[in-house]
Amino acid sequence: MSTQFESIATRASAIGAEPGVVARRGLSRGIWIAGLAALAWLGSAALTEWWPSADDWPYTKEFIALKLVLAAFAVATAVAGWRNPSIHARTFTPAPTRTRAWLAAMPWLLALALGVSVWEAVTAQLEWLPRPFFAPPQALIGVYAEDYPRLGSSVVHSFGLLAYGYVLGAAAGFVTGVSIGWSQAVSYWVHPVLRLIGPLPATAWLPLAFFFFPSSFSASVFLIALATAFPVAVLTWSGVAGVNSAYYDIARTLGARPAFLILRVAIPAALPSVFVGLFMGLGASFSVLIVAEMMGVKAGLGWYLQWAQGWAAYSNMYAALLVMALMCSGLITLLFRLRDRMLAWQKGLLKW
């Protein structure tokens with residue numbers, strides 16, 4: 001998001017406008033949106049305070065306090081942007097990176113305020129959505145405040161299970177992909193097997209995995225690794241096979257041996273494709289993780305979802321779904337950071 005303001009000067013030059021003027025307009029727009037977000041959160045807090053709910057929901061005061069905190073944060077962001085010298089001077093001076101990032105996030109904060117207000121109105125105040133299948137935001141706050149030990153232990157268990165399976169699957173898929181892309185003999189024997197077994201959903205192996213493995217934990221690790229390994233292997237194989245042969249010729253001319261060609265030529269050139277496979281494997285492994293925990297593991301987010309559904313605790317279920325979404329989003333962000341760091345030398349060659 002922070003790159004939004006960094007690219008304003010470039011776009012202004014492309015359309016013939018003065019970069020400083022257009023950049024100041026973009027910064028002013030972010031400040032105005034931050035102000036609107038603050039007003040939206042204040043209005044949402046007023047809605048909670050003065051529009052009576054159909055039921056006496058707990059943690060309503062805490063919910064109002066959270067809205068006021070978000071409104072104050074939006075005001076602070078707007079003030080920080082307004083204090084930037086570029087708003088008042090004729091020459092453009094870029095705002096601090098953190099300020100630009102928060103100003104770029106203000107449209108989402110505004111949309112979140114509107115969405116939460118509508119959600120609260122149709123559940124807590126109007127009850128257009130039937131209970132107990134739909135819960136207001138206050139109910140989720142109650143879950144996080146009262147059931148955090150069980151929910152927290154489920155998150156820890158799911159993260160550990162996902163880490164084991166994902167790392168093992170990514171390593172196996174990477175080695176398999178490099179072997180297939182480099183060696184014709186390995187490709188002859190392994191490629192047909194990969195094409196036969198790989199497209200099958202990992203969850204289809206669920207009965208066999210729980211039969212052959214000694215524990216549900218090891219069976220779940222195997223299923224997650226299987227779901228991760230196939231996309232990583234295919235994309236790694238594609239990346240290694242697509243390396244320009246001129247790179248190998250130049251390296252051989254300089255006396256490079258096969259190990260050097262694999263480690264210093266083939267793998268670095270194939271890393272963009274490898275990371276695409278890692279992203280795809282992360283999504284697949286997360287899906288298998290939830291299914292495996294629902295079927296056999298006695299802890300984790302999948303087990304928590306099944307437990308909440310069995311007891312008709314739908315607010316707990318929605319709270320767990322939100323945690324899962326944040327967990328998956330955080331892991332994807334970390335993977336993006338790793339990709340940016342490892343492929344920093346290719347920024348001039350790739351379209352980022």
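**View 1. A salt bridge joins the side chains of R131 and E127.** The N to O distance in this predicted model is 3.2 Å. R131 has a relative accessible area of 41% and is partly exposed.

**View 2. K67 and E120 form a salt bridge between two helices.** The closest N and O atoms of K67 and E120 are 2.7 Å apart. K67 lies in helix α4 and E120 in helix α5 (residues 97-125), so the pair, 53 residues apart, links distant parts of the chain. Are K67 and E120 buried or exposed? Both residues are buried, which means that each has under 20% relative accessible area. The structure holds 7 salt bridges, and the pair K67 and E120 is one of them.

**View 3. D249 and R252 pair within helix α11.** The closest N and O atoms of this salt bridge are 3.8 Å apart, and a salt bridge is counted here within 4 Å. D249 and R252 are 3 residues apart in helix α11 (residues 245-253), which means that about one helical turn separates them. An α-helix has 3.6 residues a turn, so residues three or four places apart point the same way. D249 is partly exposed, at a relative accessible area of 43%, and R252 is partly exposed at 45%.

**View 4. Six residues make a nonpolar surface patch.** The patch of about 600 Å² is made by W51, L126, W128, L129, F133 and F134. Where is W51 found? W51 sits in the loop between α3 (19-50) and α4 (60-82). The relative accessibility of W51 is 34%, so this residue counts as partly exposed.

View 5. In helix α13 (residues 301-310), the buried residues are L301, G302, Y304, L305 and A308. Which helices are included in what covers the buried residues of α13? The cover includes α6 (137-146), α7 (148-182), α12 (258-295) and α14 (314-342). Just after α13, A312 takes a positive phi of about 55 degrees.

Key: Residues are numbered from 1 along each chain as its sequence is written. This is a predicted model: local features need pLDDT of at least 70, side-chain atom pairs count only at pLDDT 80 or more; totals for chains, interfaces and linings use all residues. Side-chain values use heavy atoms; hydrogens and water are left out. Buried means under 20% relative accessible area, exposed over 50%, partly exposed in between (1.4 Å probe, protein chains only). Helices (H or I, at least four residues) and strands (E, at least two) are DSSP runs, numbered from the N terminus. Contact means heavy atoms within 4.5 Å. Patches are made of residues with over 30% relative accessible area and no salt bridge: like charges are joined within 9 Å, nonpolar side chains (Val, Leu, Ile, Met, Phe, Trp, Tyr) within 5 Å. Accessible areas come from the Shrake-Rupley method with a 1.4 Å probe; for residues, only the protein chains shown count as cover.
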